[in-house]
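Hello,

As promised, here is the structure we talked about. Have a look at it first, and then read on for my notes.

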Amino acid sequence: MNGKKVLKQKTNNGPNRLIRDIRFNPSAYILVAVVLAYYITFHYLPMYGVIIAFKDFSPGLGIMGSEWVGLEHFKLFFGSDYAWRVIRNTLQISFYTLIWGFPAPIMLALLINEVRHIGFKKIVQTFSYLPHFISTVVICGMLVDFCSRDGLFSIMFGIHDNLLTLPQHFKTIFVASGIWESMGWNTIIYLAALTGIDTSLYEAAKIDGAGRLRQTLSVTIPGIMPTIVTLFILQIGRVMNVGFEKIILLYNPLTYETADVISSFVYRKGLIEFNYGYSTAVGLFNSVINFSMVIFANRLSRKVNETSLW
Amino acid sequence: MRQSKGERIFSVFNAVILTAIVIVCFYPIYYVLISSISDSSQLAAYSGFRYKPVGFSLEAYKQVFKNPSILNSYKNTMVYVSVGTAVNMLMTCIASYVLTLKKLVINRFLNKLIIFTMFFSGGMIPLFLLVKNMGLLDSMWALILPVAINTFNMLIMKTSFEGIPESLMESARVDGATDLRILFQIVLPLSKPILATMVLYYGVANWNSWFNAMVYLRTRALYPVQLILREILVTSNALSLSGDVSGDIIDISKSVQYATIIVVTLPILLIYPFLQKYFVKGMTAGAVKG
Amino acid sequence: MKEKQSELTIETQIVHLLFHKYQRKMRLPNKNYEKGKGNGMKVKQGLSLGLAMALLLSGCTGTKQPSGESTRQTAQSGQTAQDSQEPVMNLRVYKQLHVNLQQYAAGNENLPMFQEIEKRTNTKITFMTPPVGQEKEQFNLIVASGDYPDIFVDMWLNYTGGGAKALKDKVIIPLNDLIDQNAPNIKAAMEQYPEAFRYVANEEGQIYGIPMVFTDNMQLVTWGVNLRKDWLDDLGFSVPSTVDEYYEVLKGFRDEKGAASPFTITLKHLKQSHFLAGAYGVSNEFYQENGQVKYGPAQPEYKEYLKTLNKWYEEGLLDRDFATIDDNTRGAKMLNGQSGMTWAPSKGGVGAWNQGLQEKDPNAQIIGAPYAGLVKGEVVGFGKINPEGSLSCTISSTCKDPVGAIRFLDYMLSEEGRRLLNFGIEGESYEMVDGEPVIMDTILKATDMPVLSKMNLYATSAEGNAGVATIVDQRYLLQINEVTPNVTEALETWATSSTFEHEIPGIIPLSEDSSRYASIMNEVETYADEMLLKFIMGQESIDDKYDEYIAAIEAKGIGTVTEIMQKAYDAFHNK
């Protein structure tokens, strides 16, 4: 026993271990090299650009030649009268999307899974994907139309006013239309996961007398749980990423109160003066938050069940 | 198969809900379709629920096909999508597989390295400079190589690969197979659903992509069709940065915009039926779980 | 090169091989060739791709591509306007593709205008073209990356600090000496039109670009009020020119003509037009009064403007959806009778809608209407005028042959060049009649595409950012405007109903101030825009809240930015 330990210590230091491992698994490390090459080239080499967030970037001087300004951009952003508002709106929209938008494709996938009739199943699947292919610009055009004073939604909900001018409804419109756009498309991954569940498990459950609901709860959902958890963690990692395009197309000054998010705010500033330093700084802030959220979620997930990203 | 009463009710209920969803999901594209064959000036008068064309006119389609950029950019897109998706799949499969090899010493480090890139990047400028220095500017490879692996997709694929029993791969290794062979001869054949999913995801993403083209391409002749579409859609709304009032601009009618969308989007919609067979339940399930 | 070969389609490769022969012939070993080496490949490909496309598309789409191919071949082997012994100069030019052309031309290289320019100046142009509508983003990226073309044709207003900063940052080079020694036409233009060249010079008098030289006020007003004349006549109104008159007219539209939104406009245009605001002596942005720069939305007079708009909104005269509609929708409303008044350009609005309306109702008429004043007969000092000096041709610091480049630009201001850029190609787009250029009917009566687009294929000088810097010929405008009724009159009305004396277009903060300016302005504009809408739509009471509103704007720092703009304004005028 002792001898073994000593042996381990001798060869256990980092580089030696690595070299041994490479010798032991040569073909694997060739593949590793390919993957490393990609990430280092296209992700790590350009990473020095992060310092733009701390510089007053001037194209003529280049990244290295531009002046250091430290936390100036961050101060500008957080010092804004609207900083809290846009951060709050960003987080709120993300969380609504998470709470309502995350379960929707799962439910839909489960429902589709229960369909016996193959033809109907195919139709539902194909049609549910369609909204994903319509570009945001068009969807927003439709929404503007439907939400206008005498538009479809205004009539449906009995509000005789342009819905997009009422700040209290913005988040609902934004999140609901987002679900409409992506729900069908997002079922794909779950449907794929469902096909991976061992049918014999269903057999066993049926023998035990489980009805459809029981089967779903004890076989299906646990069966796709790894997928669900992975996607959930990844989704949490996008909490600061409310893209500006759809916001810009749907908002107007009357709804700034609830609709103005970080990206749209930075975009408007960019229209006045495009400052790479500023936008990089805000982007960095977003990334830090996103990353922390993912680390937290991953840790939690690892404690609760076995699935985690790393 | 005998269904209990409860199950029958559920089936009906399910069918109703799903039908409603189908209708709601179909509506946007139906809307675009009928608007594209509508008379453009009548179109805006009609602010409300459209269930049939307002006036009838194929004028919009005629204009779309007269556009000299459409045909060429379509060809470009076909090329970008096929080559791009192939590269994506190859690289992603390799990366996903590598990350499942937990026994490798480098594995944990690699995991962290990769996930870190999902959140932090140097921004557009350094990447642009890199692409420029590699001589890839204004070429197809600028659209393909920097985004060869979508880490999000890759992690999902990894999760799926992890479902394959270790035993299968171990026995192959014992027999002397290289990892590449294990990947191609064992892992991939057992992962058809996830592969089909990723081909779809990457294929559609490549088809829809316009942003990278906008950043890296300088020659209009190389533009993909989505960028052309975007130009047409963006000129008259809030996103247009050139919509200032210093030039005499002619509005592009809404029906032309819609017709362009149909022309550009239709082909991709027809792809799904081909991939559907891979989503059939239980195809390989039995073989997998030992 | 190998990789690039694989991307080219079969046709392109064939074309490529064919022309390889010709190109080899033209290349004489000297410094131009050296310089052209890197660009040469690109140009060859650009050339062959463009040609292949032209060939393919003329077959596929049936659109007649005006003799592009034959012109090219002449350029290769035939006599040119300049010394044909000189090697062909390769130029990389950054230029937008005009919005009006995006559906009718695959790129700038396909425009007969540029093909003719290449022929006459003995150049081969490779275009760097940003996507239509996304120019600002790509422009910033190009500049930030150092991937410069030889010549930029663009609005340096998009660059922080403007052309002067670009000069300082060594993105572009000063042109004074180059002009002096190599550009006689530009030199002459500088003497004839010193005002225009002021806009493209920095504080030290260094000229950074060749500007578009405007020769008449009508060329600077492209947008203005569009109004239904036939409705005016039916209701017995004369053309309104005061706020009260407009009010009565709009009420008439609403009550007698069933217009659901008598005055329709998008939010963006409402702000940019300064319509009505001018009547109260303010604008929606920065303006100057007796040399003092002020910010409109922070002035006491702005209150009255808001109250008028609020009244119009409450009474249903202003489009209730103005906050969310886009250009297309407002255009459609004019065409289907939901509206009788809006803000639009002369040809794209007045001209196009006259055509559209008259198809169904021959009596329909749209005219350009004057800016509203408070008192009858007064001419307001506010309106919308295009920034002079906004478009300019600049030579970048990486251009290897600045002398060649300046001579290229010089050609544009020569007699011949001006004729080309204003009227196009003789025999194809215009004819000489009694010594005067007259645009041909094939353009003016074109049916395969809008008249303006067809004209822009050959000549784009007067159309804002579509052109290449030259001296705009008023005759062009007069002729092209006659195609559709009321266009010339509209421009005249707009040009004369405002003196534009308070406008300060084209003045941007000095580069050292721009960062502070942008942060503060973002706050101010966010707030001002919110309040503008709340006041107009009655969500906040103007009487109660106006003082609070002013106080808030001041707290956000409007004083500082006003000082910054004042500084910039003074610097410009003391040059």
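A word on conventions first: residues are numbered from 1 along each chain as its sequence is written, while chains are lettered from A and ligands numbered from 1 in the order in which they are written. Please keep in mind that this is a predicted model, in which local features need pLDDT of at least 70 and side-chain atom pairs count only at pLDDT 80 or more, whereas totals for chains, interfaces and linings use all residues.

Chain A is divided into domain 1 (2-70) and domain 2 (81-304), with bounds that come from an automatic or database domain assignment. The C-alpha centres of these two domains lie 34 Å apart. Six residues of domain 1 of chain A are in contact with five residues of domain 2 of chain A (contact: C-beta atoms, placed from the backbone, within 7 Å). On the domain 1 side there are four nonpolar, no polar and two charged residues (Ala, Val, Leu, Ile, Met, Phe, Trp, Tyr, Cys and Pro count as nonpolar, Asp, Glu, Lys and Arg as charged, and the others, Gly among them, as polar).

Between chains, 24 residues of chain A are in contact with 27 residues of chain C. Helix α16 (residues 262-272) of chain A gives the most to the chain A side, with three residues (helices are DSSP runs of H or I with at least four residues, strands runs of E with at least two, numbered from the N terminus). That side of chain A divides into eleven nonpolar, eight polar and five charged residues.

Chain C has an open sheet of five strands in the order β2-β1-β3-β10-β4, with mixed pairing (two strands pair if DSSP finds at least two bridges between them). Because β2 (123-128) and β4 (210-211) of chain C each have a single partner strand, they stand at the edges, and one side of each is left without a neighbour in the sheet. β4(C) pairs with β10 (residues 391-395) of chain C in the antiparallel sense over two bridges, and C:I210 has C:C393 as its bridge partner.

Finally, two residues other than glycine have a positive phi of about 55° in C:H274 and near 55° in C:N290. C:H274, in the loop between α13 (267-273) and β6 (286-289) of chain C, counts as buried, with 25 C-beta neighbours inside 10 Å.

Best wishes

Conventions
Buried ≥ 20, exposed ≤ 12 C-beta atoms within 10 Å, placed from the backbone. Contact = placed C-beta atoms within 7 Å.
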